[in-house]
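Dear colleague,

Please find the structure that I am handing over to you below. My notes on it follow directly after.

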Amino acid sequence: MGTPSLALGVVQVLTLVLVGLWAPCVGSGQPNFIVILADDVGWGDLGANWAETKETPHLDQLAAEGTRFVDFHSAASTCSPSRASLLTGRLGVRNGVTHNFAIASVGGLPLNETTLAEVLREAGYSTGAIGKWHLGHHGRHHPNSRGFDYYFGIPYSHDMGCTDTPGYNLPPCPPCPRHGSAARVARKDCYTEVALPLFENVTIVQQPVALGGLATRYAEEAARFIQRASDSGCPFFLYLALAHMHVPLTPPLPPAPGRGIYGASLGEMDALVGRIKEVADSLGKGNTLLWFTGDNGPWAQKCELAGRLGPFVGAWQRQRGGSSAKQTTWEGGHRVPALVYWPGRVPARRTSHALL
């Protein structure tokens, strides 16, 4: 099977599931879907893509056991438009999301747009969203109103609100003020007056977020969701939108020599993906399609706290010092890693050069 045929085959399988299975859950063996979306990850942040990267053994193993798409492009070079397109299958000029939503946004992904979660839920799937939403957080724009039975995560980027510890960022931001302390003077690029909330469905379960433990909580909730869905006998769709590799970074251990803070955070993300794969395999290997990708390229303005572009740095960037990453239409802004793993269905040890 050639690579263009492989790409078409995956689309055909998804189309059959989305169009042909319009019935309540009957446990009839429909495949499960896990989409893991990394934030601000560079094409070169995977060792499978770029030999200089050494912090991603689990993702590299995923690539070895599945198919690696090296010419996969997100629909936009910024967060909200990319995510809106991922969940609707329509570019921002068609679905109406062309800019990022913010704390003060009252709207979100237009309500007349149909999400993948809505289609799959009508097909009898349990649907869950864990992580960053960033498609509107008021009223019917909430994930529970956009097709997701279960939601656990933050409403927008984790630098859009103060947290318990500020993590590593450029410029550095202070933590939320303790109770009774004087209000801080507003600073550019730092949200000082709004504490970042963590939601379970429509309930705030923590505010401000304990940023250092967020990755662990995401992994735990994802594993619980998969277990619950498997116990129920229903097929499931899990959309896991990670905080990695967006700043602020909060690596769990002292950084190892070499890549420093970023490398330690990259290793944490890699371990999280490895855990999700392990859970999915243990509850039905061969019946779950796992897709790992990114929303856009690295945030180059964050310097050593940003990821690798791999080879996608052209003469203009080298000679003029410009960026070819996030927020640009240069290739490093929208060409992102893409791995597809489905034992017995998607060929292993395969690299596809199909433009997707």
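Does Y239 count as buried or exposed? At 1% relative accessibility, Y239 counts as buried, where buried means under 20% relative accessible area, exposed over 50% and partly exposed in between, with a 1.4 Å probe and protein chains only.

Some remarks on the basis of these notes are in order. This is a predicted model, in which local features need pLDDT of at least 70 and side-chain atom pairs count only at pLDDT 80 or more, while totals for chains, interfaces and linings use all residues. Residues are numbered from 1 along each chain as its sequence is written, and side-chain values use heavy atoms, with hydrogens and water left out.

**Overall picture**

The protein has nine helices and 10 strands; these are DSSP runs numbered from the N terminus, with helices (H or I) of at least four residues and strands (E) of at least two. Of its 356 residues, 55% count as buried. Among contacts (heavy atoms within 4.5 Å) with a separation of 6 or more, 71% are between residues 24 or more positions apart.

**Aromatic rings**

The structure holds eight aromatic pairs. Rings of Phe, Tyr and Trp (its six-membered ring) pair if their centres lie within 6.5 Å; planes under 30 degrees apart count as stacked, over 60 as edge-to-face and the rest as tilted. One of these pairs joins F148 and Y239, which are stacked at 6.1 Å centre to centre with 25° between the planes. F148 lies in the loop between β3 (126–132) and β4 (150–154) and Y239 in strand β7 (residues 236–241), so the pair ties together parts that are 91 residues apart in sequence. F148 is buried, with a relative accessible area of 1%. Ring pairs link W133, F148, F237 and Y239 into a cluster.

A charge sits over a ring if NZ of Lys or CZ of Arg is within 6 Å of the ring centre and within 35 degrees of the ring normal. K302 lies over the face of W299, 4.5 Å from the ring centre, and the charged end of K326 sits over the ring of W299 at 4.2 Å from its centre.

**Disulfides**

The count comes to two disulfides, a disulfide being a pair of cysteine sulfur atoms within 2.5 Å. In one, the sulfur atoms of C162 and C176 are 2.0 Å apart; the torsion about the S-S bond is about 100°, so this disulfide is right-handed. In the other, C173 and C190 also have their sulfur atoms 2.0 Å apart, and with -85° about the S-S bond their link is left-handed. C173 and C190 both lie in the loop between β4 and β5, and so the pair ties together parts 17 residues apart in sequence.

**A buried threonine**

T293 is found in strand β8 (residues 288–294) and is buried, with a relative accessible area of 1%. A polar atom of the T293 side chain lies 2.8 Å from the backbone oxygen of P337. Leaving aside neighbours within four places in sequence, T293 is in contact with residues including I36, F72 and V336.

With kind regards

Technical notes
Polar contact = N/O pair within 3.5 Å; in protein donor to acceptor, adjacent residues only side chain to side chain.
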